[in-house]
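These are my notebook entries on a single protein model. I record below what I looked up, one topic at a time.

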Amino acid sequence: MNAAISNEVPANPAVATQPAPGSAAMRRRQLAAIIRMELKKGFFGKRAIGLWLLALAPPAILSLRLFIRPGDSIQSLFDLAQAQAVFAGGIYQAFLLRVVTFLGCVGIFGNLIRREVLDRTLHYYFLAPIRRELLVVGKYLTGLTVAGFLFGLSTAASFLFTFAPIKGGREFLLGGLGLGHLFAYVATTLLACVGYGAIFLTLGFFFRSPAIPALLIFAWEGIHFLLPPMLKQATVIHYLQSLMPVPVSDGPLAILADAPSKPVAVIGLLVFAGRLVALSAWRARGMEIKYEED
């Protein structure tokens, strides 16, 4: 009997614990491996230097205000209410959201596939025993992690450097209202990465370079206030504006439209991103490797 029991014990227990090919456990392990490899490129690769500089530029500029003495006239230009309006409309929406985060998503997600083609490494992924849909999801989640960290951190630091030097600013930051505003701005930035990231990931499968499509989308997002209500729903910024804690006026020329509620805006962006990622995964299934000579 002892001999029968010993024969049933596997020679290598580690082999017995390996998940079966094609199982959910195996797909989770493959997805985790893709994300680990891509995170190193996203945070520490050569192209990451420009992303770090882009993300750190707004808080670096705003941090200069900390060196202004409380009695200086520049320090007294804004009270707390004015500072909230300036940050919401000028610093956050016009600069951090529409320029910094937008360009960052172009650089990160627009090159997830194009970079592999230029580096002639995409075929290594396609030759590996992993589903191409899983590869697309892994790359998107990696880009979302990198973009969310860099530009979420940039948003939070810019918020702190904006309000810390003003009179009553520290009380605002330490109070419930200030922390609530900070959370709302960071969450809006993360959802911007979700939406814009899905767009540029998908465009990377259909265009050789993301530059021209990015310019067109940038212009489309920039004129959203002039669009009729139906077309406003085809812009990402329309949903992001409803998540901001301080409303921002689009000016006297804007065509008025009902803003979506916060739950509708969040769910709408997530569904929109999910459909685009699914489209990218479908495109990857039929994609052929053809490296063109530069």
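Predicted model: local features only at pLDDT ≥ 70, side-chain atom pairs only at ≥ 80, totals over all residues.

Entry 1, surface patch. I found a patch formed by Trp-220, Ile-223, Leu-226, Leu-231 and Leu-253. Together these residues have about 450 Å² of accessible area. I then located one of them, Leu-226, in the loop between α11 (211-222) and α12 (229-232). I noted Leu-226 as partly exposed because its relative accessibility is 39%, and that class lies between the limits of 20% and 50%.

I looked up how many aromatic pairs the structure holds, and the number is 17. Phe-43 counts as buried because its relative accessibility is 17%, under the limit of 20%. Trp-52, with a relative accessible area of 26%, is partly exposed.

I turned to the helix formed by residues 24-44. At 1.5 Å a residue, its 21 residues should span 30 Å, and I noted that the end C-alpha atoms are 30 Å apart, so the two values agree. Which residues of α3 are buried? I listed Met-26, Gln-30, Leu-31, Ile-34, Ile-35, Glu-38, Gly-42 and Phe-43. Finally, I looked up the packing partners of these buried residues, which are α4 (48-62), α6 (114-118), α7 (122-127) and α8 (132-163).

Definitions and conventions:
Residues numbered from 1 in each chain as written. Heavy atoms only, no water. Patch = residues over 30% accessible without salt bridge, like charges linked within 9 Å, V, L, I, M, F, W, Y side chains within 5 Å. Areas by Shrake-Rupley, 256 points an atom, 1.4 Å probe, with all protein chains shown as cover. Salt bridge = Lys/Arg side-chain N within 4 Å of Asp/Glu carboxyl O. Helix = DSSP H or I, 4+ residues; strand = E, 2+ residues; numbered from the N terminus. Buried < 20%, exposed > 50% of the residue type's maximum accessible area, 1.4 Å probe, protein only. Phe/Tyr/Trp six-rings, centres within 6.5 Å; stacked < 30°, edge-to-face > 60°. Expected span 1.5 Å × (residues − 1). Contact = heavy atoms within 4.5 Å.
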